[in-house]
Amino acid sequence: MAWIGAQDALRILGVRPQTLYANVSRGRIRARPDPQDSRRSEYREEDVLRAARQARGRRKVETIAAEAIEWGDPVLPSAISTVVDGRHWYRGQDAITLATHAQLEDIAALLWQTEPLTFTPANLAGTSRALPQAARRGSLQKSMRPPSPGPALAAGFAALAQRAGQDFPTIGRTPATLRAEAREIMASLCAAMLGAAVPKQVTLHEHICARWRQPAAANFVRRALVLMADHELNASAFSVRVTISTGASLAAGILAGLATLSGPLHAGATQAVAALAEEARQHGPESAVRACLAQGRPLPGFGHPLYPDGDPRAAMLLATSKPPPHYRRLAEYVEANVGEIASVDFALAAGCARHGLPADAPFVLFALGRCVGWLAHALEQAQAQRLIRPRARYVGIAPGASLA
């Protein structure tokens, strides 16, 4: 028996809260107190879907399923993370609370369900094997200059692609073996995108700040990595799971995730946020926002379908590192005149600007943090041993129809 929160019920029904409550009072939709917060209620998903079908003329099952793909209910069972009533949870633990003290290494242990670990060469044997020769030579250079935006992503692609061409498939291998390989892959991506492997007994956020020569950013970087570790069944996590469901290697799955993440509607949005903020700095927030909206483009870094009242991850990062004045003025203007609240993409870009981090820093932090979640999804999907194969709702020319 599946239960859902009020926000999901209202989205499925497409009604006001009063209508939902009326359906409950008339016995059409069953409700119960939320086990985690008695002040809230949960609603029987089956009842909500039935009421929605009745209200919309009993639409076909495939139509409902197609609509659910876009910000709908998760299409796969997972015990890794979820978003409930505007809160973000890792295996039942509040991600915001964890970010106050945890490191990404702690989150990896939690999500991978393994012993405490560190992202160091000692625990992650095989890092050099996974890196291309050029990347290995780069890691030995004395210069501490981080890669520019293009090379950082390209190095990540190259390291994962080489592993994907060499590593064993996931199918038929034990969970312990796959978890050990997950550590190697994490080390490979860190070394490739940062230009050097994580030294022994050094945490990832400390290593990042050393590479970028910004030790004062340590708390911001640590929290950003923790908060980006996973976010339910997002586009990149789904692509990872589809790949792993075929039995492909862990590296192949993570390569698929990184490719998906690079798009401008995913972590690539952080670059658009920085460009919008620069426009606001030069010409003022009103001019920047008007120019963006006049082109029919949504404002990057604002609003999130899962957080209508504001993204708690963004709130924590903005409180950790106060954004530069032009970022702050932009956020205030958008909230007052557009009605959208800054998302985590905005907070990443703003925090990195506040600490003078490299131009590619928001994407790198997003990718390295999210790799932990991708690997958790890959491990979970490998154990499921089930191919993910949705059906298409065909809307083309009817089969057999004459083309004359």
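Trainee: What share of the 404 residues of the chain count as buried?

Mentor: The share is 49%. Buried means under 20% relative accessible area, exposed means over 50%, and partly exposed lies in between, with a 1.4 Å probe and protein chains only. Keep in mind that this is a predicted model, where local features need pLDDT of at least 70, side-chain atom pairs count only at pLDDT 80 or more, and totals for chains, interfaces and linings use all residues. Residues are numbered from 1 along each chain as its sequence is written, and side-chain values use heavy atoms, with hydrogens and water left out.

Trainee: How many helices and strands are in the chain?

Mentor: There are 20 helices and six strands. Both are DSSP runs numbered from the N terminus: helices are H or I with at least four residues, strands are E with at least two.

Trainee: Take α15. What should its 15 residues span?

Mentor: They should span 21 Å, at 1.5 Å a residue. The rule is 1.5 Å times one less than the number of residues. The end C-alpha atoms of α15, residues 269–283, are 21 Å apart, so the two agree.

Trainee: Which residues of α15 are buried?

Mentor: Ala 269, Thr 270, Val 273, Leu 276, Ala 277 and Ala 280. They cover an arc of only 115 degrees around the axis, so they sit on the same side of α15. That arc is taken from the directions from the helix axis to the C-beta atoms.

Trainee: Why do residues three or four places apart point the same way in an α-helix?

Mentor: Because an α-helix has 3.6 residues a turn.

Trainee: What do the buried residues of α15 pack against?

Mentor: Four helices: α16 (285–294), α18 (325–337), α19 (344–354) and α20 (361–384). Contact here means heavy atoms within 4.5 Å.

Trainee: And what comes just after α15?

Mentor: Gly 284, with a positive phi of about 95 degrees.

Trainee: Which residues other than glycine have a positive phi?

Mentor: Arg 91 is one of them, with phi near 45 degrees. Arg 91 lies in the loop between β5 (87–90) and β6 (93–94). Gln 201 is another, at about 65 degrees. Gln 201 sits in the loop between α10 (175–194) and α11 (204–211).

Trainee: Are those two buried or exposed?

Mentor: Arg 91 is partly exposed, at 24% relative accessibility. Gln 201 is exposed, at 62%.

Trainee: New topic. Where is His 207?

Mentor: His 207 is in helix α11. His 207 is buried, with a relative accessible area of 5%.

Trainee: What does the side chain of His 207 have a polar atom 3.1 Å from?

Mentor: The backbone oxygen of Ala 196.

Trainee: What else is His 207 in contact with?

Mentor: Leaving aside neighbours within four places in sequence, the list is Leu 194, Ala 196, Ala 197, Val 198, Pro 199 and Val 202.

Trainee: How many disulfides are there?

Mentor: The count is zero. A disulfide is counted as a pair of cysteine sulfur atoms within 2.5 Å.

Trainee: Last one. How far apart are Ala 180 and Thr 114?

Mentor: They are 66 residues apart in sequence and 9.7 Å apart in space, C-alpha to C-alpha. Ala 180 is in helix α10 and is partly exposed, at 39% relative accessibility.

Definitions and conventions: Polar contact = N/O pair within 3.5 Å; in protein donor to acceptor, adjacent residues only side chain to side chain.
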